[in-house]
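Morning, everyone. I have one chain to walk through today.

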Amino acid sequence: MSILVVGSVAFDSLETPSGKRDRVLGGAATHFALAASFFTKVRVVGVVGEDFLPEHEAVLTSKGVDTTGIEHVHGKSFHWTGSYIKDLAEAETLATYLNVFADFEPKIPESYLDSEHLFLANIDPVLQLRVRQAMPNAKLIAGDTMNYWISAHRENLERVMKELDVLVINGKEVLMLSDETNWVRGAKKVLAMGPKSLVVKYAEHGVAGFFSEEMLAKMDLCEPAERTIFRAPATPVEDVVDPTGAGDSFAGGFYGYIASQGAQNGGKLTPEVYRTAMFYGSVMGSLAVEAFGTERLQRTTREEIDARFAELKRISHL
C-alpha cells in the first residue's frame, strides 16, 4: 500500500564532531521517503528550486519513490545550516533560508489521490490541514510537528491533531504541548487533544507508544496487557556522524512498515504490527545517523535493515 508524504525537500549544511559538509541532500520528506521506500511505495509532495538537479531527484527515484508531486519552481531550495559541536543530541541552528519553501502550497497530483496512507511531515499546520482535507479517502493519517508550531501556531496545530491516527513527536515536544513535566501525564494530555495514538521519540533512550480508547477499540484489544504503554529500545550506534533527519527516518521506517502490512491485515492496524513498526523505525533512525544527510540511507540495503532488526529484537528480550 502506498504512502503519500508531504513536507520539505531541502539542502543542509552541517557541522558535527565528525566534520563539516555543505549542502547535502536533506529535508523531512526526503529522509522519510527514503526510509519508507524499503517497505512500501512512496509518493512525495514538496517544492524545490533550480539548484535541485536531476542527480538529486535520482536519489529518490532510484529507491522507487514517485517524485511526480515535487514541484520545480524558480529560485533556490530550502537550505538549513546547523551545528552539533556543542551537543550531538540537539542541533544549533545557524541559518535558515526558506527560499521557495516560504511560498509552499502543496499540490496533490491526481495520481496520488488513491494513496491509502498519508504522512504530514513537519510543515505549517494550516498546510497540513489542507492536505488532509484534499485526501478524504486516506485510510490512515499520521503526522509530525515541532516546537515552533507548538508555541506560535497552537490553535491550528490542535485542529490537525484531531485528524491524526498517529502523532509522532519527541519527548520535549510532548512536555511542551501538555504543559507537563512528567512524560506519562504529558502523553495522556496530548492524546486527549485528538490523535488516536502517540509515538514519542527519546533519541538514544528509545521510543514509547500510547493509545487512545478509540484506537484501542479499533484494534479490538482484549488482553489487559495489550492496553499498556509499549516501549521499544533505541538501536545501539557506535559512531554517530550526523543526527539530522533521524526522527524523520524513524517515522519513515515506522509508517512504511505499517503500510506494508495493510494488505495482509485487511487494512487493520494490529498491536503486533504497531510494535514491530516501532522497532523498524528505530533501525532506520540508527542507520540515518551513520553518515551526513541522507548518504547512509542511499546506500542501505534491505538485508542490512533486517539484520539490524534481528539484533535489536535479540538484545531486547530475555
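Predicted model: local features only at pLDDT ≥ 70, side-chain atom pairs only at ≥ 80, totals over all residues.

Overall fold, then. The chain has 12 helices and 13 strands. The C-alpha trace spans about 55 × 45 × 40 Å along its principal axes. Now look at contacts between residues at least 6 apart in sequence: 66% of them join residues at least 24 apart.

On to the core. In soluble globular proteins, nonpolar side chains tend to be buried together. Here the largest nonpolar core has 57 residues. Which residues have the most contacts inside it? They are V5, V44, F119, F254, Y255 and M284. Helix α10, residues 271-288, gives the most to this core, with 10 residues. There is also a second, separate core of 38 residues, and F104, V160, M193 and Y202 are included in it.

Take F119 as an example. Leaving out residues up to four places away in sequence, F119 touches I3, L4, V5 and V6, among others. Its partners also include F32, D144, V168 and Y255.

Next, helix packing, with α10 in both pairs.

First pair: α9, residues 246-261, against α10. The angle is about 145 degrees, and the axes are 7 Å apart. The crossing is right-handed. On the α9 side, the contact includes F250, F254, Y257 and I258. On the α10 side, it includes Y274, M278, Y280 and M284. By class, that contact has 12 nonpolar residues, seven polar and no charged.

From α10, the contact takes in F279, Y280, V283, M284 and L287, among others. From α12, it takes in residues including I305, F309 and L312, along with R302, D306, R308 and K313. What is the split by class? Eight nonpolar, three polar and four charged.

Note M284. It is listed among the residues with the most contacts in the largest core. It also sits in the contact with α9 and in the contact with α12.

Finally, two strand residues.

S197 is found in strand β11, residues 197-201. Is S197 buried or exposed? Its relative accessibility is 0%, so S197 counts as buried. Beyond its sequence neighbours, S197 touches D165, V166, L167, L191, F210, F211, M215 and Y274. From S197 to P233 is 36 residues in sequence and 19 Å in space, C-alpha to C-alpha.

I70 lies in strand β5, residues 66-72. I70 has 5% relative accessibility, which is under the 20% cut-off, so I70 counts as buried. Its contacts, again leaving out residues up to four places away, are V9, V44, G46, V48 and L60. V44 is one of the residues named for the largest core. I70 and R308 are 238 residues apart along the chain, with 32 Å between their C-alpha atoms.

That's the tour. Questions, please.

Terms used:
Residues numbered from 1 in each chain as written. Heavy atoms only, no water. Core = buried A, V, L, I, M, F, W, Y, C linked by side-chain atoms within 4.5 Å. Buried < 20%, exposed > 50% of the residue type's maximum accessible area, 1.4 Å probe, protein only. Helix = DSSP H or I, 4+ residues; strand = E, 2+ residues; numbered from the N terminus. Contact = heavy atoms within 4.5 Å. Nonpolar A, V, L, I, M, F, W, Y, C, P; charged D, E, K, R; others polar. Axes fitted to C-alpha atoms, helices over the stretch in contact; angles between N-to-C directions. Left-handed = near helix turned anticlockwise from the far one by under 90°.
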